[in-house]
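I opened my notebook to get to know a structure I had not looked at before. Here is what I looked up, entry by entry.

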Amino acid sequence: MSSKDLTEALAALTEQGVSSKKEPMVPRGSVTSTKSSALLPGGAATGRGGSSGADLTELSYASRTWHDAVLMPSTDGILFARLVPAKTVKFVDAGGNQVVYEFKAPQ
């Protein structure tokens with residue numbers, strides 16, 4: 001296959017994707033879609049759910065806990081990096097509630 005054939009095939013695929021108009025999906029199933037909201041611990045109702053990343057402030061770097069150090073090899077196995085991954089990090093959300101993120105140990 002020549003490069004000219006490949007170029008023409010690519011152009012045909014690209015033009016087809018631009019010119020075709022997508023139809024909206026037809027709803028299916030017996031239950032209609034609904035929207036809901038929930039009261040958060042601070043009493044504020046938001047559509048975003050719980051504590052979002054933008055609302056969190058870390059209490060103190062010193063309050064973090066750590067997993068044991070691990071050696072992570074590079075993809076070729078020549079180099080190794082010694083990492084001490086975080087185990088827990090404590091935050092306070094906009095409502096003053098404490099949020100703890102707990103991370104699994106890398107394997």
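**Entry 1: confidence.** Which element of the protein chain has the lowest mean pLDDT, and which the highest? I found that strand S2, residues 45–46, is lowest with a mean of 46, while S4 is highest with 95. This is a predicted model, and I noted a mean pLDDT of 80 for the protein chain, with 79% of its residues at 70 or more. Over residues 44–49 the pLDDT stays under 50, and there the model has eight contacts beyond four places in sequence.

**Entry 2: the overall layout.** I counted one helix and eight strands, and along the sequence they follow the pattern α-β-β-β-β-β-β-β-β. Of the 107 residues, 9% are buried. The accessible surface comes to about 9,400 Å², and carbon and sulfur atoms hold 58% of that.

Entry 3: I looked up Tyr61 in the loop between strands S3 (57–58) and S4 (65–66). Tyr61 counts as exposed because its relative accessible area is 56%, over the 50% cut-off. Together with Trp66 and Val84, Tyr61 forms a nonpolar patch on the surface, and the three share about 320 Å² of accessible area.

Terms used:
Residues numbered from 1 in each chain as written. Predicted model: local features only at pLDDT ≥ 70, side-chain atom pairs only at ≥ 80, totals over all residues. Heavy atoms only, no water. Patch = residues over 30% accessible without salt bridge, like charges linked within 9 Å, V, L, I, M, F, W, Y side chains within 5 Å. Areas by Shrake-Rupley, 256 points an atom, 1.4 Å probe, with all protein chains shown as cover. Salt bridge = Lys/Arg side-chain N within 4 Å of Asp/Glu carboxyl O. Helix = DSSP H or I, 4+ residues; strand = E, 2+ residues; numbered from the N terminus. Buried < 20%, exposed > 50% of the residue type's maximum accessible area, 1.4 Å probe, protein only. pLDDT = per-residue confidence, 0-100. Contact = heavy atoms within 4.5 Å.
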